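Let's work through a few exercises together. Have your viewer ready and try each task before reading its solution.

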Amino acid sequence: MTRVVYGVAGVVLFVLLWKAAGVFAWVRPGTLPDPFLLPDAFLQEWQSDRLLPAVGSSLIHYFWGLGLGTLFGILVGMAAATVHRFDMLQAYLARILRPIPPLAWVVFAIAWFKVSHAGAAFVIAIGVFWVNYFATYSAVRNIDPRFYELARSFGQGGYWRRARSITLPAIAPGTLAGVRTGIGQAWMTLIAAELLGVPGMGQEMNAAAGVGAYEAVVVYMLAISLVYALCDLVYGLIERRVLAWRP
Amino acid sequence: MASVMEFDRLSYTHPGAAGPVIQDLSLAIEAGSFVAVVGGSGVGKSTLLRVAAGLIEPGGGSMRFTLPQRPGRRRRAVVFQDGRLLPWRTVSDNVAYGLETLDIDAAQKRERVTEALSLTGLAEFGDRWPHQLSGGQAQRVGIARALAVKPDILLMDEPFSAVDALTRRKLQAELIRLWQASQSAVMFVTHDIDEAVFLADRVVVLGGQPASVVENLAIDLPRPRDRTNPAFADAVAHLSARLGVE
């Protein structure tokens with residue numbers, strides 16, 4: 001309970017400071033949105049039918065990009081960590097491609113997919129891919145080899161049996177933590193990709209900023225925060241269920 | 001009586017080691033018998049057990065099963081020193097692990113799990129997670145998992161060395177009961193001579209560098225064994241002398 005009181009107090013304090021910064025002109029006038037005007041700005045965005053379509057559009061990019069990036073990241077990470085030849089084959093390639101920031105791919109996303117949902121999903125998927133690839137790869141590498149001994153001793157030593165009975169459950173905590181990181185990372189990339197032109201919350205933000213409607217910008221920022229918090233909450237519940245065996 | 005497992009002039013060299021750890025080791029384990037393997041640290045007891053378990057290939061000589069494989073059973077099952085339960089499986093599902101690849105139907109599998117759990121006193125624990133068990137309970141689950149596959153031979157690698165002394169005594173007595181109720185032979189690796197004499201029909205002493213069998217002593221004491229029996233102390237003293245410990 002004390003936590004809640006302090007938490008709310010922190011938010012209130014922040015908003016008051018923010019308001020004060022405007023009232024006492026601590027920053028250049030006209031560049032700081034008024035926090036007390038945010039509800040109005042929210043209503044306006046809602047009623048002019050811009051907020052919900054923007055959220056919907058962003059969610060399409062988000063789920064496709066996140067889904068494909070996660071799927072391929074886990075598959076490739078697992079293959080690299082368990083098939084020695086494939087590991088050697090991909091090692092240098094991964095080292096070359098990994099440092100390229102996902103946003104650098106926006107150029108090709110636009111060239112290949114034009115300004116479309118697919119382009120945004122593509123950029124998101126790249127970032128998410130690497131997060132999951134590394135999480136899964138290192139989770140597989142960290143499996144206690146004694147579990148593999150156990151598998152062999154009890155007739156589950158073949159590649160697929162071993163993968164199903166040992167590797168997959170053993171990497172679940174590491175891989176699922178990677179997926180969770182990906183959920184956050186996808187949001188960051190998403191907004192940045194949309195700032196570059198794909199329709200969605202990022203683009204609406206950019207448009208609002210262009211006409212100096214900073215309150216609207218903040219409305220979109222808060223919407224981003226809210227949608228992310230919801231995604232993370234739902235995922236956290238799923239993760240807890242899947243990993244119920246952990247102390 | 002027929003043997004279940006035979007080692008014939010077995011040799012093994014650890015990868016990268018200068019010389020073999022085991023050389024020309026020959027040993028036959030009779031079907032249904034309880035054989036304890038003792039020896040100093042690093043003498044090659046665990047190596048022998050790992051060869052028996054099929055986890056490493058012999059460098060020379062051979063290890064073979066002499067009985068035909070029977071359907072619905074495994075030739076061998078291992079009980080590890082560290083219990084080695086899969087933390088993401090419940091106790092029941094851990095016990096079922098070795099059954100999953102056996103050619104028996106689902107009802108039989110469930111029956112075997114229930115039977116193994118009740119034999120080991122774990123009937124109430126089927127739905128627990130491994131982290132909710134004590135060390136002794138975890139080791140019991142390891143034994144139940146091995147017994148569930150009805151192995152011709154049960155391979156045990158110092159299974160009670162990580163539990164406290166009292167639990168250890170209890171588990172020893174329980175193991176004898178379980179073994180007598182099963183039709184399995186047991187190969188039990190330990191560094192504890194008292195434990196070996198308490199449990200085994202036959203105590204095999206490994207010694208030398210490289211190691212081979214330096215003593216193969218039949219223990220003909222009646223069961224349940226009485227540690228205060230002078231013959232028990234004699235056997236312990238004899239084996240201690242053989243191992244060079246007093």
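The exercises below concern a predicted model.

**Exercise 1. Describe the overall build of chain A: which secondary structure elements does chain A have, and what is its radius of gyration?**

Step 1: Begin with the elements. Chain A has ten helices and zero strands.

Step 2: Turn to the dimensions. Along the principal axes, the C-alpha atoms of chain A fill a box of roughly 75 × 55 × 30 Å. The radius of gyration of chain A is 23 Å, whereas a compact globule of 247 residues would have one near 18 Å.

Step 3: Look at packing. Of the 247 residues in chain A, 32% are buried. Among contacts in chain A with a separation of 6 or more, 74% join residues 24 or more positions apart.

**Exercise 2. Locate the domains of chain B and work out which elements of domain 1 touch domain 2.**

Step 1: Take the bounds. Domain 1 of chain B covers 1–67 + 153–246, and domain 2 covers 83–151. Their C-alpha centres lie 25 Å apart.

Step 2: Count the contact. Twelve residues of domain 1 of chain B meet ten residues of domain 2 of chain B.

Step 3: Name the contributors. On the domain 1 side, β6 (153–157) and α5 (165–181) of chain B each supply at least two residues. The largest share, four residues, is from α5(B).

Step 4: Classify that side of domain 1. There are nine nonpolar, three polar and no charged residues.

**Exercise 3. Decide which way the side chains of strand β5 of chain B point, and which strand pairs with β5(B).**

Step 1: Recall the rule. In a regular strand, side chains alternate between the two faces of the sheet.

Step 2: Apply it. R76(B) and V78(B) point one way, A77(B) and V79(B) the other, and all are buried.

Step 3: Find the partner. β5(B) pairs with β6(B) in the parallel sense over four bridges. V78(B) stands opposite L155(B) in β6(B).

Note on methods:
Residues are numbered from 1 along each chain as its sequence is written. Chains are lettered from A and ligands numbered from 1 in the order in which they are written. This is a predicted model: local features need pLDDT of at least 70, side-chain atom pairs count only at pLDDT 80 or more; totals for chains, interfaces and linings use all residues. Domain bounds come from an automatic or database domain assignment. Two residues are in contact if their C-beta atoms, placed from the backbone, lie within 7 Å. Ala, Val, Leu, Ile, Met, Phe, Trp, Tyr, Cys and Pro count as nonpolar, Asp, Glu, Lys and Arg as charged, and the others, Gly among them, as polar. A residue is buried if 20 or more other C-beta atoms lie within 10 Å of its own, exposed if 12 or fewer, and partly exposed in between; C-beta atoms are placed from the backbone. Two strands pair if DSSP finds at least two bridges between them. The radius of gyration is taken over C-alpha atoms; the globule rule is 2.2 Å times the number of residues to the power 0.38.
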